[in-house]
Amino acid sequence: MIKNLIFDFGKVLVDYDFISFFQKIIPDAERCREFTKLLFNDQIEQELDRGVVTFDQSMQRLIDSNPQFTEEIRLFSTRYQEIVTGEVPGMYNLLSQLKAKGYHLYGLTNWCQKVYETVQNYPVFQLLDGYVVSSDVHFIKPEPDIYHCLYSKFSIKPEECLFTDDRQKNILGGAQTGMQGVVFSNATQYEQELKKLSIL
């Protein structure tokens, strides 16, 4: 029986848009494309999400190796919260309903330490009973260890959990540890999935 509902953060509880932000701070299209390539690569994403370096350390490394983008990197760092565009429509109301029905709500996210600024800014996070952030535990989805961190931290059983994430590979990672999952598209689709499972 499902007792615990687990939520990814980005593209599930809140939305974000790096590209629009980069275009806003760098009007020149070619320079913006170069900057986007600099920030959007697996190495930087993984080191930030895994917490192997702090956000500030990572940004300083980028400045040191790409001094031509010093101003843009500093803008990215200081205005990071503008990347988050708001709560995903409908999810606050859905989580409120689920909490009222007695379900425990938890978060499981791949995110750097900047996530805590986001958590403070949006009420949907206050509905959660707790969460695990990849940069705190130094594991990232879909690695099995991060799911086990969740189970251990909150003393919950995987077979009593339903995980919601916008990426199929992360759902499969949870399934390998015994947790059911739903690939998220939008609040309406998620609500329909919950009704199929007799959760709503």
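What share of the contacts between residues at least 6 apart in sequence join residues at least 24 apart in the protein chain? I looked it up: 67% of them do, with contact meaning heavy atoms within 4.5 Å.

Ground rules I noted. This is a predicted model, where local features need pLDDT of at least 70 and side-chain atom pairs count only at pLDDT 80 or more, while totals for chains, interfaces and linings use all residues. Residues are numbered from 1 along each chain as its sequence is written, and side-chain values use heavy atoms, leaving out hydrogens and water.

Whole chain. I found 11 helices and 7 strands, which are DSSP runs numbered from the N terminus (helices H or I, at least four residues; strands E, at least two). Buried residues make up 50% of the 200; buried means under 20% relative accessible area, exposed over 50%, partly exposed in between (1.4 Å probe, protein chains only). The C-alpha atoms fill a box of roughly 55 × 30 × 25 Å along the principal axes.

Helix α6. I then went to residues 91-100, where M91, L94, L95 and L98 are buried. Looking down the axis of α6, I see its buried residues within an arc of 95°, so they line one face of the helix; the arc is that of the directions from the helix axis to the C-beta atoms.

Neighbours. The buried residues of α6 pack against β1 (4-7), β4 (104-109) and α11 (187-196). On the other side of α6, I noted N93 and A100 as exposed. After α6 comes G102, with a positive phi near 100°.
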